[in-house]
2 protein chains.
Amino acid sequence: MDITKFVEMSLGHWKSQRSAHHLAFRHFEEITSEIEITPLEKDHPEVIKLCQSYQIDPDLITHPFAMSWEGESDWDEKEILKGSTILIPIPDPDNASKGRLLRDQGYAETIPSVGQYYFTEDGTFVLLTEYDRATAEEKIWFASPNIRFRVSLIKTSSGSGVVTASFSSEIRALS
Amino acid sequence: MDITKFVEMSLGHWKSQRSAHHLAFRHFEEITSEIEITPLEKDHPEVIKLCQSYQIDPDLITHPFAMSWEGESDWDEKEILKGSTILIPIPDPDNASKGRLLRDQGYAETIPSVGQYYFTEDGTFVLLTEYDRATAEEKIWFASPNIRFRVSLIKTSSGSGVVTASFSSEIRALS
């Protein structure tokens with residue numbers, strides 16, 4: 001697995017079931033959402049802008065994409081969870097199985113972030129992102145071309161404790 | 001990571017939060033349970049018996065252990081989920097990072113099973129078990145010595161479709 005294949009497999013429309021475990025309270029949260037992942041051109045203005053803000057040479061990037069989601073949680077059924085973000089992979093020139101990922105909105109905090117990714121030998125994409133007050137670890141893998149799983153851990157910034165663990169099952173919407 | 005270290009890290013009492021995603025129905029199930037993992041002697045009568053039933057030389061096994069659990073699901077709050085099983089690792093003599101795992105009660109079907117395990121380079125234990133009508137894939141890893149995560153997938157025996165995906169957060173009970 002490499003980032004080109006991973007992004008290409010991820011493109012499309014997904015129906016997601018996500019369970020979040022708030023560990024300190026043994027609380028369960030259930031989120032259903034729809035996710036859309038679309039490719040972007042390397043010279044898309046938002047891509048150029050994000051590269052500039054991190055002083056990244058646009059020649060180093062590959063397969064930028066946009067992800068948008070809309071869903072609801074059983075914690076607050078009146079609130080619609082909705083958002084979108086742009087992601088830009090920057091593969092390591094010396095090792096195709098790792099690199100950096102720029103994001104214009106982070107997962108744990110809604111500020112731009114840059115994470116470190118790598119692929120394990122069984123094809124799992126692992127992304128580590130450090131924020132000011134938290135560290136996020138995401139693992140994403142495909143069980144088949146139409147089923148994707150994602151585990152996200154939010155840890156305190158010291159790295160010692162996991163605050164929230166969540167698991168998503170994502171099924172490709174064939175429509 | 002190898003099976004010795006993995007079993008030693010797993011011993012103890014754990015509080016588990018498990019979410020099951022029944023994918024065809026987009027249904028969520030929430031299970032809370034307590035899990036106890038205790039070491040067994042290699043010459044424990046139940047260990048010898050399970051080895052005999054698979055015609056395994058007891059000299060090849062290592063670190064047998066018992067796992068028991070008790071909990072409840074939000075699907076049927078009156079029912080107490082309770083059970084126990086014996087597990088026996090048989091490391092590959094030529095490769096410490098893989099082997100077989102005997103179990104006197106399987107996860108997908110309550111009959112004895114033998115699965116194939118391996119460790120990925122980031123320390124995840126991966127177990128594949130084939131049953132008559134289903135295939136189970138489990139991934140277990142530690143975020144810290146006191147936090148363990150487990151993803152279990154039940155696939156149809158053809159291997160094409162995932163029927164149920166579940167995610168457990170297990171916190172060591174320090175008491």
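Which side chains meet in a salt bridge with 3.1 Å from N to O? They are those of E138(B) and R150(B). The model is predicted, and a search of the whole structure finds 18 salt bridges over all chains. Between chain A and chain B the count is 2.

**Interface extent and make-up**
- Chain A gives 41 residues to the contact, and chain B gives 41 residues.
- About 3,100 Å² is buried between chain A and chain B, with carbon and sulfur atoms giving 58% of that area.
- On the side of chain A, the residues that lose the most area to chain B are Q17(A), R26(A) and F28(A), which together make up 24% of what that side buries.
- There are 13 residue pairs in polar contact across the interface of chain A and chain B, both residues being at pLDDT 80 or more.
- At least two residues of the side of chain A that touches chain B come from each of these strands of chain A: β1 (12-22), β2 (27-39), β6 (113-119), β8 (134-144), β9 (147-156) and β10 (162-172).
- Sorted by class, that side of chain A holds 16 nonpolar, 15 polar and 10 charged residues.

**Salt bridges between the chains**
- K139(A) pairs with D122(B) in a salt bridge, and their closest N and O atoms are 3.5 Å apart.
- K139(B) and D122(A) also form a salt bridge, with the closest N and O atoms 3.5 Å apart.
- This pair joins two chains, because K139(B) lies in strand β8 (residues 134-144) of chain B and D122(A) in the loop between β6 and β7 (125-130) of chain A.
- K139(B) counts as buried because its relative accessibility is 8%, under the cut-off of 20%.
- D122(A), at 27% relative accessibility, counts as partly exposed.

**Salt bridges within a chain**
- K155(A) and E137(A) form a salt bridge at 3.4 Å, N to O.
- K155(A) is in strand β9 of chain A and E137(A) in strand β8 of chain A, 18 residues apart, so the pair links distant parts of the chain.
- Both K155(A) and E137(A) are buried.
- The pair of E138(B) in strand β8 and R150(B) in strand β9 (residues 147-156) of chain B spans 12 residues, and both residues are buried.
- In chain A, a network of salt bridges links R103(A), E138(A), R148(A), R150(A) and E170(A).

Notes: Residues are numbered from 1 along each chain as its sequence is written. Chains are lettered from A and ligands numbered from 1 in the order in which they are written. This is a predicted model: local features need pLDDT of at least 70, side-chain atom pairs count only at pLDDT 80 or more; totals for chains, interfaces and linings use all residues. Side-chain values use heavy atoms; hydrogens and water are left out. Contact means heavy atoms within 4.5 Å. Buried area is the accessible area (1.4 Å probe) that two parts lose on being put together, summed over both. A salt bridge is a side-chain nitrogen of Lys or Arg within 4 Å of a carboxyl oxygen of Asp or Glu. A polar contact is a pair of N or O atoms within 3.5 Å; within protein, one must be able to donate a hydrogen and the other to accept it, and residues adjacent in sequence count only if both atoms are side-chain atoms. Helices (H or I, at least four residues) and strands (E, at least two) are DSSP runs, numbered from the N terminus. Ala, Val, Leu, Ile, Met, Phe, Trp, Tyr, Cys and Pro count as nonpolar, Asp, Glu, Lys and Arg as charged, and the others, Gly among them, as polar. Buried means under 20% relative accessible area, exposed over 50%, partly exposed in between (1.4 Å probe, protein chains only).
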